[in-house]
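Student: I have a structure here that I have not looked at before. Can you walk me through it?
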Amino acid sequence: MALSISLSVNGQPRDVELDDPRVTLLDLLRERLVLAGAKKGCDRGQCGACTVLVDGRRINSCLVLAASLDGAEVTTIEGLADGDTLHPVQAAFIAHDGFQCGYCTPGQIMSAVGLIAEGHAGDDPERIRELMSGNICRCAAYKGITEAVLDAQNTLAGAQSSRRDAA
Amino acid sequence: MNRFDYIQPTSVAEAIAAVSEPGSVYLGAGTNLLDLMKIGVSRPQRVVDITRLPGLDRIDWLPGGGVRIGALVRNSDLAYDEHFAKTFPAVAEALLSGASAQLRNAATVGGNLMQRTRCAYFQDLASACNRRAPGSGCDALGGENRLHAVLGWSGHCIATHPSDFCVPLVALDAVVEVEGPHGTREIALDSLHALPGSTPEQESTLAAGELITALRLPAEAASFADNARYLKLRERTSYAFAVVSAAAALEMEGDTIRTARIALGGVAAKPWRAREAEASLAGTKPTAEAFAGAAELALAEARPSGANAFKIELARRIVARALNFALAGTPQEMPALPASPFSTNPGAYHVA
C-alpha cells in the first residue's frame, strides 16, 4: 500500500511516497532524503544517536513510523548551522571537546538543542546530565558534553537578552 | 519487522471498528510497540495509529478537584504541567524518573499503561515464554532472574510490569476510562493489569478492541500533595528500569498520620498496592518502627522466584525510606535526579 506524506525537513517542504509503512523516520532521513547526520546506533531507542526534533521536541527517530508524521516539522543536525556559521550548540561541542569518535555527536547536539529549549535544567550540571541521559557516548566524553551544554545555554540566553536590549 | 497494513483513523469509533479485524493493534507513540515489532515479538497484520484521534491530548480539571488526562497526553507534557505536578507530585516524579527525555517527549499516558514487560526471555524469540507463546514454558524460571517478580508470580510467569508512572497512580486510586465495541466503561487501575496465574498471556483486563481513552485521578488524591514521593532504585543513576521502587503518600493531621498510601514497582506483573501496610499506619505516629512495620506488611507475601531474594529486603527498605521521604515533605522543586536515592539535591533533606 502506498502512503503519501508531506513534511518539512530543515525548513524544506518534502513530499514523500512511502511504498512500505515500516519505514521509520530515521530510515526516511538517512536512506531516502540522504540526510545521514542522524545515526543508527541501537535502532531501539536506547542510545540516542538518532535524536532529531519533531515539531520542536527531541525524540528518537528510530522509534517513530514516518507514515505517522504527515505535516510534521523535522529538524536534523544538517539544519542547525546557518551557512558556514555553526549553531551555538555545535560551536560549544567543539570548544569543550564534547566528543571523541563523533558517532553519537549529532544525537547529542540535537538532544542538547531540545534540552535547552525545554528549559528545565537551569545551570545545574546534575540536571543537565540527568536530562542528557538518553544519549550514550561510548567514548565517555560526558564531561565535555555537560560543559558544552552549559556554555551553549549561556550563549543562547545572552543572545536572547541582547535581542531584548536592542528592541 | 513483518509487513502490515497501516491505517490512521480520525475518530475513536473508527479506530475501534478498525481494530476489530483479527491481528490488529493500536499504535500510540510506538516507543514500546515499534521496538517489539522490530525484534519480532509483536507481528501485527494491521496497525491502527491512534495518534491523530481528536480530543485525547487534553488535561482537564474536574469540578471538585480531580483531573482527567487524555490517553494521548505525552509523558513530558504531563510531568511538566505545573498544576498537575503540584497537585500530584509523586506522579510527576515517577514520570520524570522513567525512560529518557526523548522517550518521555513521545510516549503517551495510555501507552505507558499498556507497555509490555522487559523480561529478556519475553523479548528473545529463542526462549520459552508463556506470556509471548502460551504453553511454551518459562525460561526465566531457572534463568537469569535476579530482577524478576517476588510478589504475585506463578510457575507460568515471573515477569514484572516495568512502569514507574503506574506505581503512584495505583496508590492514588487512578481510574482508566475505556471505550470499546460494546460502549464505554471504567476500570480501577489496580484491576487493569493481570497477575499471571496460569494465563500470563492475558496481560490486562481490557476486552478485545477496547481502547484506553483517559486516565482519572480523584480529588482525594490531591490531599497527599504535601507529603508524596516516588523512590526508585536502579542499577545505574539514570535511564534504567526499577530494580525496586515505591510510591509513598501521607495525609498528616498534626503529628499523626491520617491516611497513608503505598505501592511498589518492579516487584510483580502489576503495580503493587500495599493496602494492609497502609491500614497499619492510619492514625499512628510516623515513627521508624511504624514505617518498618508497614514495610514488613507490604512484603509479607513475597517470596523469591529465583536468584532475587535480595529484592524482598531491598523492597522493605525502599518502602520505609519512601515513607521517610514523604514524611519529610514534598520538595519545593523537583529533585535534580527525580526519585533517586543518590541525588546530591534530594530535595527532602533541606526541609527535614
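Predicted model: local features only at pLDDT ≥ 70, side-chain atom pairs only at ≥ 80, totals over all residues.

Student: Fine. Start with chain A. What is the strand order in its five-stranded open sheet?

Tutor: The order is S2-S1-S5-S3-S4 in chain A, and the pairing is mixed.

Student: Which strands stand at the edges?

Tutor: Strand S2 (12-18) and strand S4 (57-60) of chain A. Each has a single partner strand, so one side of each has no neighbour in the sheet. From one strand to the next, the twist averages 40°.

Student: And how do S3 and S5 of chain A pair?

Tutor: Strand S3 (residues 51-54) and strand S5 (residues 73-75) of chain A pair in the antiparallel sense, over two bridges. In that pair, Leu53(A) stands opposite Thr75(A).

Student: What lies across S3 and S4 of chain A?

Tutor: Helix H3 (residues 105-118) of chain A does, running at about 35° to S3(A).

Student: Now domains. How is chain A divided?

Tutor: Into domain 1 (3-38 + 63-76) and domain 2 (88-166). The centres of these two domains of chain A, taken over C-alpha atoms, are 26 Å apart.

Student: Over to chain B. What about its sheet of five strands?

Tutor: That is an open sheet in the order S4-S5-S8-S6-S7 of chain B, with antiparallel pairing. Its edge strands are S4 (59-61) and S7 (183-188) of chain B, each of which pairs on one side only. Here the twist averages 20° from one strand to the next.

Student: Over how many bridges do S6 and S8 of chain B pair?

Tutor: Five, between strand S6 (residues 175-180) and strand S8 (residues 211-217) of chain B, in the antiparallel sense. Glu179(B) stands opposite Leu211(B) there. Helix H1 (residues 12-19) of chain B lies across S6 and S8 of that chain, at about 130° to S8(B).

Student: Are S2 and S3 of chain B parallel or antiparallel?

Tutor: Parallel: strand S2 (residues 24-27) and strand S3 (residues 46-49) of chain B pair over four bridges. Tyr26(B) stands opposite Val48(B) in S3(B).

Student: Pick one residue for me. Is Leu231(B) buried or exposed?

Tutor: Leu231(B) counts as buried because 28 other C-beta atoms lie within 10 Å, and 20 or more are enough for that label. Leu231(B) sits in strand S9 (residues 228-233) of chain B.

Student: What does Leu231(B) touch?

Tutor: Leaving out residues up to four places away in sequence, Leu231(B) touches Ser245(B), Ala246(B), Ile318(B), Arg321(B), Ala322(B), Phe325(B), Ala339(B) and Pro341(B).

Student: And where is Pro304(B) relative to Leu231(B)?

Tutor: The two are 73 residues apart in sequence and 22 Å apart in space, C-alpha to C-alpha.

Student: Last topic. How many residues does the contact between the chains take?

Tutor: The contact takes 24 residues from chain B and 28 residues from chain A. On the side of chain B that touches chain A, strand S1 (5-7), H2 and helix H6 (101-106) of chain B each supply at least two residues.

Student: Which of them gives the most?

Tutor: H6(B), with five residues.

Student: How do the residues on that side of chain B divide?

Tutor: They divide into 11 nonpolar, nine polar and four charged.

Terms used
Residues numbered from 1 in each chain as written. Chains lettered and ligands numbered in written order. Pairing = 2+ DSSP bridges. Buried ≥ 20, exposed ≤ 12 C-beta atoms within 10 Å, placed from the backbone. Contact = placed C-beta atoms within 7 Å. Nonpolar A, V, L, I, M, F, W, Y, C, P; charged D, E, K, R; others polar. Axes fitted to C-alpha atoms, helices over the stretch in contact; angles between N-to-C directions. Domains from an automatic or database assignment.
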